[in-house]
Amino acid sequence: MRLAMVFIYFALAWHSLPAHADTSKIVTEISGLEGRETLKIAFGSCISGQDQSIWSAILAERPDLMIFLGDNVYLGEAEFGNATAIYNRYKGQFSSPSVRRLLSSIPTFSIWSDHDFGPDNSDSSFAHSKASRDAFDRFWRSSKLPGTSPGLGIAHSIRIGELLILLTDDRTYRLNPASGRAGVLFGQEQLDWIQRQLSAPGLKAAVIASAGQILNGGRSGESASLFPAEREKVLDVLSMSPITPVILSGDKHYLQILERKHSGKRLLEFTSSPLTAWPAGKGARAEEPFSTATIYSQHNFGLLTIKLGSPVRYSIKFLDKNGGELLSRRY
Ligand SMILES: [Fe+2]
């Protein structure tokens with residue numbers, strides 16, 4: 001019985017692949033999604049380790065697109081400054097048949113975190129970020145993407161009808177706080193861009209993809225809470241925008257739902273991590289005043305379904321590497 005179910009599961013996952021899929025390509029074409037009333041977005045972060053089963057589980061959910069939220073590779077010191085070595089790292093890491101099927105079947109978009117940019121907790125002072133950027137562009141964005149802008153690092157926007165997706169860059173302009181310095185997270189230019197994008201006419205919903213957590217109220221990890229002054233500005237921009245965006249984030253090596261009010265608006269953040277890297281485990285338990293749910297011990301991915309009606313409805317599910325449901329909520 002069990003074997004039969006496993007067979008059906010993989011048959012379904014395989015069946016969702018177009019027969020002509022070229023698994024050497026990363027698809028970024030979204031024009032087929034325009035005009036859809038319901039969109040399903042898969043997301044996750046932190047990739048390292050041998051177990052490749054999660055990719056088939058993601059594909060079996062038939063998402064319309066996927067967002068990789070950073071730490072998509074964990075670069076080693078020997079690779080810093082060597083764009084070819086970094087590109088080869090990407091190619092090696094994303095070479096299993098199951099992840100190639102995913103990348104070639106649905107549009108995928110990516111941002112970076114510290115480990116695909118440089119050293120642990122790295123910021124704009126890292127001297128070799130150009131090589132990291134070259135490899136990132138070559139691997140993730142070899143096809144032309146709409147919504148990119150030269151002054152915004154890897155940040156870019158995707159518009160799908162009434163839905164806006166903003167993929168942010170919290171590394172290129174980052175200046176970690178130091179004594180006598182408040183630090184910079186996204187930088188003013190990117191904040192202004194986010195504000196302008198969220199005011200575009202004809203929008204019903206928006207998603208902000210951020211490598212690090214934004215709503216986090218503790219001071220763990222690399223969350224925006226390390227930059228209290230700039231985070232206030234971010235929360236102002238999000239809560240005062242005509243549409244209130246939902247935040248997707250990663251980085252933490254656990255999954256979490258965060259909810260907090262700012263300027264009278266309810267803000268929601270869904271954090272999914274890790275895809276295949278090590279889960280944080282129970283030892284990571286941290287005081288997090290805005291968390292409404294946390295799971296510390298599982299490889300996982302998120303699935304956000306957005307129904308663009310009036311009002312807009314969100315459904316969030318977190319699934320494990322075998323497609324088993326870990327948590328779900330509706331808003
Ligand atoms: Fe990570």
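A residue is called buried if 20 or more other C-beta atoms lie within 10 Å of its own, exposed if 12 or fewer do, and partly exposed in between, the C-beta atoms being placed from the backbone. Met240 has 15 C-beta neighbours inside 10 Å and therefore counts as partly exposed; Met240 is found in helix H8 (residues 228-240), where helices (H or I, at least four residues) and strands (E, at least two) are DSSP runs numbered from the N terminus. Met240 lies 56 residues from Tyr296 in sequence and 32 Å from Tyr296 in space, C-alpha to C-alpha.

The model is a predicted one, in which local features need pLDDT of at least 70 and side-chain atom pairs count only at pLDDT 80 or more, while totals for chains, interfaces and linings use all residues. Residues are numbered from 1 along each chain as its sequence is written. The pLDDT, the predictor's confidence in each residue on a scale from 0 to 100, averages 91 over the chain, and 92% of the residues score at least 70. Over residues 1-20, however, the pLDDT is below 50, and this stretch has 13 contacts in the model beyond near neighbours in sequence, two residues being in contact if their C-beta atoms, placed from the backbone, lie within 7 Å.

Taken as a whole, the chain has eight helices and 13 strands, and 41% of its 331 residues count as buried. Of the contacts with a separation of 6 or more, 70% join residues 24 or more positions apart.

Helix H2 (residues 53-60) and helix H4 (residues 97-105) pack at an angle of about 35 degrees, with their axes 8 Å apart; the axes are lines fitted to C-alpha atoms over the stretch in contact, and angles run from 0 to 180 degrees between N-to-C directions. H2 contributes Trp55, Ser56, Ile58 and Leu59 to the contact, and H4 contributes Ser98, Val99, Arg101, Leu102 and Ser105.

The backbone also deserves a look, since most residues other than glycine have a negative phi, and most peptide bonds are trans. Cys46, although not a glycine, has a positive phi of about 70 degrees and sits in the loop between strand E1 (38-44) and H2; Cys46 counts as buried because it has 28 C-beta neighbours inside 10 Å. Ser263 likewise has a positive phi, near 50 degrees, but Ser263 is exposed, with 10 other C-beta atoms within 10 Å. The peptide bond from Ser273 to Pro274 is cis, with omega near -5 degrees, and Pro274 is found in the loop between strand E9 (265-271) and strand E10 (291-295).
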